[in-house]
Amino acid sequence: MISYIGSFLILIALLNASLLVLARPIFSKISTDYDSLILSTSKLQFPLVLIAFICLIASFVNDDFSLRYISSNSNSALPFFYKISATWAGHEGSMLLWCLILSFWTFMASIYSKSLNIEFRTKFLSIMGFLNLGFLLFLVFTSNPFEKNISIPIDGKDLNPLLQDFGLIVHPPMLYMGYVGLSVVFSFAVTCLLQNDFKREWARWVRPWALISWSFLTLGIALGSWWAYYELGWGGWWFWDPVENASFMPWLVTTALIHSLITCEQKAMFKNWTILLSIIAFSLSLLGTFLVRSGILISVHSFANDPARGAFILLFLTIIVGGSLLIYFKNAPKIQDNISFDFFSRESFFLINNILLVTATFTILLGTIYPLLLDLLGLEKISVGVPYYNAVFLPIMTPLVLLAGYIPIMFSSKSKNKKYMISHLLLSFLIVILFTLFSIYFLDNYNISILLGIFIFIWISFNIIYDLIMKIYFSNIKKISFSNIGMMFAHLGLAVFILGATIVENNKVEKEVVIKIGDTIQVKDYTFEFKNISEYEGPNYQGIMAKFLVYENNNLLTELYPEKRIYASNNMPMTEAGIDPGLSRDLYITLGTLINDDVWSVRIYHKPLIRLIWLGALMMVFGGILSVLYKRKNLAFSR
Amino acid sequence: MKKRTLRIYYVSFILISLSIIFFLFIKTFNENLLFYRSPSQITVGEFPQDYIFRVGGVVLDGTLVKSKNSTNVKFAITDYEKVINISYNGILPDLFREGQGVVIRGKLGDDGVFYAEEVLAKHDETYMPPEISDSLKMKEKTIEDTTKSMNIYQ
C-alpha cells in the first residue's frame, strides 16, 4: 500500500518538474504571471520526492518483498538500521536519493535566491527543474524502486555484506549532497550565459553554493576512503580506482572553482573561465555517475549491467554537457571580462592554482577514460597502474601546495613592499627548513619524499600560524573574517592530510604471516599474541572471531578481535578487521585463511599517522563550512 | 632589439620545457599501462615480455595447493581452452574459490608459471569480471545462471 503512494508521488513529482520546465516557454505567451508558478513548483518538488523516499524507507522497514528492489537488497533478518540504509544501497534507491537531494537543492535555491532579479531567478530555477525532470525520467523508466515482483518471494536476498556497515549509511548521502550541489552552480552558470552577463554580485551569490558542495564532496570522499580502509580488509585508504577517480575529478575542479570565484567576485576577472569550470565540475559529477552506475566499471558500486541505464545517462550527459558547452561557445565572448592584471598579483597565482588543478584533473581523466575507450573500440583490454597516478599527480600537486602555504599570507597583508615580501619569504623558508631537519630526530626512517612531505606540512602550518599571530597582535581581531579563518582551516587541513599521507605511505609496516594459536609475532615495538579463536552467531551471519593480545614493551596494550563472517543468505565470507586506532598510529589485523588445524594466515599492519588523512579532510570540511557562514555584506543587486 | 631576443629566449625556453614535460608524461603513461591477456593468448606468446600484465580466468577445480607453513599458494586458471599455472605468496581474497573467475596481476616467469603480485576476486557472488566473461565465450552460461537465480525470487 505504502509503495503505491510512493509510486504515485514520483509521478506527481515528474509532472511538477515538467510544469517547472515548461512554465516559461508556454505560460509566457498566455499570461505574464508565470513567475509565481515557477517559484511554487520549484519549492513543491522537495516535499513530493521526500514523501516518496520515506515511503520507500517504510517499505524496507516493513519487509515489503513485493517490491523487486527490496527483495533483492534486503532480508527479514537484516538489522533495523541496515534496513533503512539499504534504501540507498542499491541502484534504484540511490537514484531516488539522488532525485531527493536534487529536489532539496532546488528547494534551497528557490528560497535563497530572492536577491536575484526575477528574470534571472526564474530562468535559473527552470534549469534546475530541467535537471530534476531528467533524473526523474531516468528513475521512472529505467530504475523504478517501486517496481513490483511478479510473484512475492518469502524472503529477500539480503544486502551485500560489504554494505552492511555504518560507512555506507553516511557515505552516499554526503557524496551525493556534493555531486548534486554542483547542479546549483551549473544551472547558475548556464543562466549567466543565457543572460550574457556574470556580475560580481552574482559571483558573491554563487560562491557559498560552490563551497558547501565542495565541503560535502570532501566529506563524502573522506568517508568513502575511511570505509574502504576498515571494511575491505586491505588497510589501504586510496586505490586510484576508477570509481574513486570519478569522485575525485569533480572535487579537483570544484577546488579550482572556489578559488576562481574569489577573483570573479573581487576583481571581476576570469568570468568566462569560472563559468566553464562550473559546467565542467557538474559534467564530471554526471560522468562519475555514468561510469559508476552504467556497469562499465565493475566495483562494489555498480549493481547490474543494464545497457538501458547506461544509454539513458549517456544521452542525458550528452544533452547537458553538449548543450551547455554549445551555449558557452556561443555566448561566452559576449561576457565582458576584465583581463588586465599584474603578473605579480594574487590573481595570477589563482590562475596558476587553476591551471595546476585542471591539469591534474586531466591526467586522472586520461587514466580513467583511456582504458574504457580502448575497450569500447575493441582494441585492447588495459588498465592504468597506480604508479602512473603517483608519478604524474604528485609532481603537479607539489607546486600547488607549496603556493597554498604562502600566497594567501603574502597577499593578506596590504603592504605591497616587494623587498619586505622577499625577505619575509626567505626568512620563513629558512625557519621551515630548520624545523624540517629537526623533525628527522623523531623519525626512525626518512627519505626525500618524507622530508618533502614534512616540509610542506610545516611550511603551510607555520605560515598560517605566523599570519594569525601577526593579525591578532598587530591589527584588530575583528578584521579577521569567518571566510579568512575558514580558508586557514582548510589549508591547515590540507597540510595535515599531506603529513598523514606521506608518513603512512612511506613508513607503514605490512606483514602477511602464518601464525599458530599461542604464538607471538613482533611488528615495530608491538608484540602480537594469537590467543584463541572462537565461533559465534550474528544476527544474519556466522562469525569466527580471533583474539589477539597486543603488548607494547611487555605491557598489555589492547586486545584485538579480527573476524571472518559468513552471511547466511548468500554464503559470502567477509573479513572484519581488528583495529586499534590512535592519532600516532593504527594497529590493524585481518584474518586470512585457515592453513591447518590452528594455524592461520593473518595480515598485521602498523600504520603511522593514518588518522591524519581523515582528520585533515574533516578540517577542510570545517573550513569550507566556516567560509559559508561568513556574513556577506548586502550588496544592492542591480535589477 | 635586445628586448626581442630576450623574448625569443623566453618563448623557446617555455616551449622546450613543455615538450620535455609532455614527453615524460607520455612515457610514464605508457610504462604504466597494464595489458590484459587470456591464458590462450599467453600460450601462443601474445603478451608483453618482461612487463607486468594481467591475466584472467576461472580457477580450475582441484588445482589449489596451499603451503602448510607459509602463505604460498599455487593454482591454475583456464579460459576453457588453455591452462596457466599461477604462483602467489600472500593472502587470497575472501571470495577466491575454485571454479570462480579471478583477475591476476603479475609477471610470466621463464618456467611458464605466472608469478602473481595481486589476486582480485569479484565483489559478490553473481558477478563475473567482464574481461573473463568476454574471453571465456561463456556468455550463455552466465545468462543461464542469472535466470536461474532470478527464478528463485519470482
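A crossing of two helices is left-handed if the near helix is turned anticlockwise from the far one by less than a right angle. The model discussed here is predicted.

Q: What is the relative direction of helices α7(A) and α8(A), parallel or antiparallel?
A: The axes of α7 (residues 166-195) and α8 (residues 200-231) of chain A come within 8 Å and cross at roughly 155°. Angles over 145 degrees count as roughly antiparallel. The pair α7(A) and α8(A) is therefore roughly antiparallel.

Q: Which hand does the crossing of α7(A) and α8(A) have, left or right?
A: The residues of the contact of α7(A) with α8(A) divide into one charged, seven polar and 22 nonpolar. The crossing of these two helices, α7(A) and α8(A), is left-handed.

Q: Which element supplies the largest share of the largest nonpolar core?
A: This core holds 185 residues, of which A:C99, A:V185, A:V253 and A:I460 touch the most other members. Its largest share amounts to 20 residues, and the element that supplies them is α8(A).

Q: How many residues make up the other core, the one that includes B:V55 and B:F114?
A: This core lies apart from the core of 185 residues. Among its members are B:V55, B:V58, B:I77 and B:F114, and its size is 21 residues.

Q: Which element of chain B gives the most to the side that touches chain A?
A: In the contact between the chains, 27 residues of chain B meet 34 residues of chain A. On the chain B side, α1 (2-31), β1 (33-37) and α3 (130-136) each supply at least two residues. The most, four residues, comes from β1(B).

Q: Is A:L609 buried or exposed?
A: A:L609 is found in the loop between β11 (599-608) and α17 (611-629) of chain A. It has a positive phi of about 60° although it is not a glycine. With 21 C-beta neighbours inside 10 Å, A:L609 counts as buried.

Q: What is the phi of B:Y80?
A: B:Y80 lies in the loop between β4 (72-78) and β5 (83-89) of chain B. Because it has 15 C-beta neighbours inside 10 Å, B:Y80 counts as partly exposed. Most residues other than glycine have a negative phi. B:Y80 is not a glycine, yet its phi is positive, at about 70°.

Note on methods. Residues numbered from 1 in each chain as written. Chains lettered and ligands numbered in written order. Predicted model: local features only at pLDDT ≥ 70, side-chain atom pairs only at ≥ 80, totals over all residues. Axes fitted to C-alpha atoms, helices over the stretch in contact; angles between N-to-C directions. Parallel < 35°, antiparallel > 145°, perpendicular 65-115°, else oblique. Nonpolar A, V, L, I, M, F, W, Y, C, P; charged D, E, K, R; others polar. Core = buried A, V, L, I, M, F, W, Y, C linked by C-beta atoms within 7 Å. Buried ≥ 20, exposed ≤ 12 C-beta atoms within 10 Å, placed from the backbone. Contact = placed C-beta atoms within 7 Å.
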